[in-house]
Amino acid sequence: MNLFSGRATALDLTASARAFAFQRSSEETVLAAEFHRIKEHFTPLLVPGLFNSGPHHWQTRWESAFGLTRLYQTDWENPTPEDWDASLTNAIQQAEKPVLLIAHSLGAVLTTRWLARHETSQVAGAFLVAPADIEHTTHPEAARIRAFAPLPEMPSPVPTALMASRNDPWLSSERARILAKHWHAEFTDAGLTGHVGSDDFLGLWSHGAKTLVSFVQRRLQTF
C-alpha cells in the first residue's frame with residue numbers, strides 16, 4: 001500500500017489476486033479429496049436437465065474437477081419421459097457401486113419420477129438442485145417439458161436433499177419447500193442464484209459441493 005495516499009498499489013493487488021487464487025485452489029483441492037472418498041463407496045452420476053449442462057454450469061465444473069460421470073441423453077432439446085427414463089435406467093444398471101444421483105432442473109424431475117417408478121436398491125441417494133416446477137412455471141421453455149408432469153408427491157424411497165434458489169424462474173422458493181416436504185428431502189437455501197444453471201456463472205459452486213458432501217456424510221450408509 002502507498003503510505004502517502006493510502007491506496008492499494010499494483011503489487012498489493014497482485015498479491016491479493018494470488019491469495020484469492022490460492023484460497024480457491026485450496027478449496028477445490030479439499031473438495032476433490034472429499035469427492036474421491038465418496039467415489040470409493042458410490043457412483044456419483046450427474047443428471048443434467050433441458051439443453052444439457054453447458055461449459056459454465058457447475059455440473060460441468062464438477063465433472064472436470066472431481067472426475068464425475070454425466071448421464072447423456074439422445075435428445076436434449078425435445079425430451080420425452082420414456083427416452084430419458086430409459087437412459088437413466090441403463091446408467092444405474094451399469095454402475096458397479098450404489099448410485100448417488102446429482103440432478104439439476106429437469107434432471108431432478110426425471111430423478112424423482114424414476115425413484116417413484118422403479119426398484120431403488122441400486123440407488124444410494126439423490127441430491128436435487130432447482131427441480132423444474134412443471135405444473136406452475138411460466139417459463140417460455142416450459143412447453144418442452146410438460147410431458148414430465150405431474151411431479152411425484154410421495155416420499156422419496158432413498159435419502160434425498162434439495163437445494164433451491166430464492167429467485168429461480170422455474171421454481172418459486174415456496175414451491176421448493178413444499179416439494180421438499182412431499183419428498184421428505186433435506187432443504188437448503190441456495191441464496192439468490194437464479195436457476196443455479198449454465199447462465200448463472202457460479203464457477204465450482206462450492207456451496208453446493210459442500211452441502212452435498214455434508215449430506216453424504218450424514219445420511220448415506222458407510223459414512
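## Talking through the fold

Me: Where is S105 found?
Reply: S105 has a positive phi of about 55°, although this residue is not a glycine. This is a predicted model, and in it S105 is found in the loop between β3 and α4.

Me: OK, and is S105 buried or exposed?
Reply: The cut-off for buried is under 20% relative accessible area. S105 has a relative accessible area of 7%, so this residue counts as buried.

Me: Which residue in β4 stands opposite I102?
Reply: Strand β3 (residues 99-104) pairs with strand β4 (residues 123-129) in the parallel sense, over six bridges. Across that pairing, the residue opposite I102 is F127.

Me: Which residue is the bridge partner of L162 in β6?
Reply: Strand β5 (residues 160-164) and strand β6 (residues 186-189) run parallel, joined by four bridges. Together with α5, these two strands make a right-handed β-α-β unit. Within β6, the partner of L162 is F187.

Me: With which side chain does the side chain of R175 make a polar contact?
Reply: R175 is found in helix α5 (residues 173-183). With a relative accessible area of 16%, R175 is under the 20% cut-off and therefore buried. Leaving aside neighbours within four places in sequence, R175 is in contact with D133, E135, H136 and L151. The polar contact, at 3.0 Å, is with the side chain of D133.

Me: Which residues touch the most other members of the largest nonpolar core?
Reply: In soluble globular proteins, nonpolar side chains tend to be buried together. The largest core here has 37 residues. The ones touching the most other members are V47, L88, L101, I145 and L162.

Me: And which element supplies the largest share of this core?
Reply: β1, α3 (81-94), β3, α4, β4, β5 and α5 each supply at least two residues of the 37-residue core. The largest share is six residues, and the element supplying them is α4.

Me: How many residues are in another core that lies apart from it?
Reply: This other core lies apart from the largest one, and W62, L100, F127 and A161 are among its members. F127 is also the residue that stands opposite I102. The number of residues in this other core is 27.

Me: Last one: what is omega for the peptide bond that joins A149 and P150?
Reply: P150 is found in the loop between β4 and β5. The peptide bond joining A149 and P150 is cis, with an omega of about -5°.

Definitions and conventions: Residues are numbered from 1 along each chain as its sequence is written. This is a predicted model: local features need pLDDT of at least 70, side-chain atom pairs count only at pLDDT 80 or more; totals for chains, interfaces and linings use all residues. Side-chain values use heavy atoms; hydrogens and water are left out. Buried means under 20% relative accessible area, exposed over 50%, partly exposed in between (1.4 Å probe, protein chains only). A polar contact is a pair of N or O atoms within 3.5 Å; within protein, one must be able to donate a hydrogen and the other to accept it, and residues adjacent in sequence count only if both atoms are side-chain atoms. Contact means heavy atoms within 4.5 Å. Two strands pair if DSSP finds at least two bridges between them. A crossover is right-handed if, with the strands pointing away from the viewer, the path from the first strand over the helix to the second runs clockwise. A nonpolar core is a set of buried Ala, Val, Leu, Ile, Met, Phe, Trp, Tyr and Cys residues joined through side-chain atoms within 4.5 Å.
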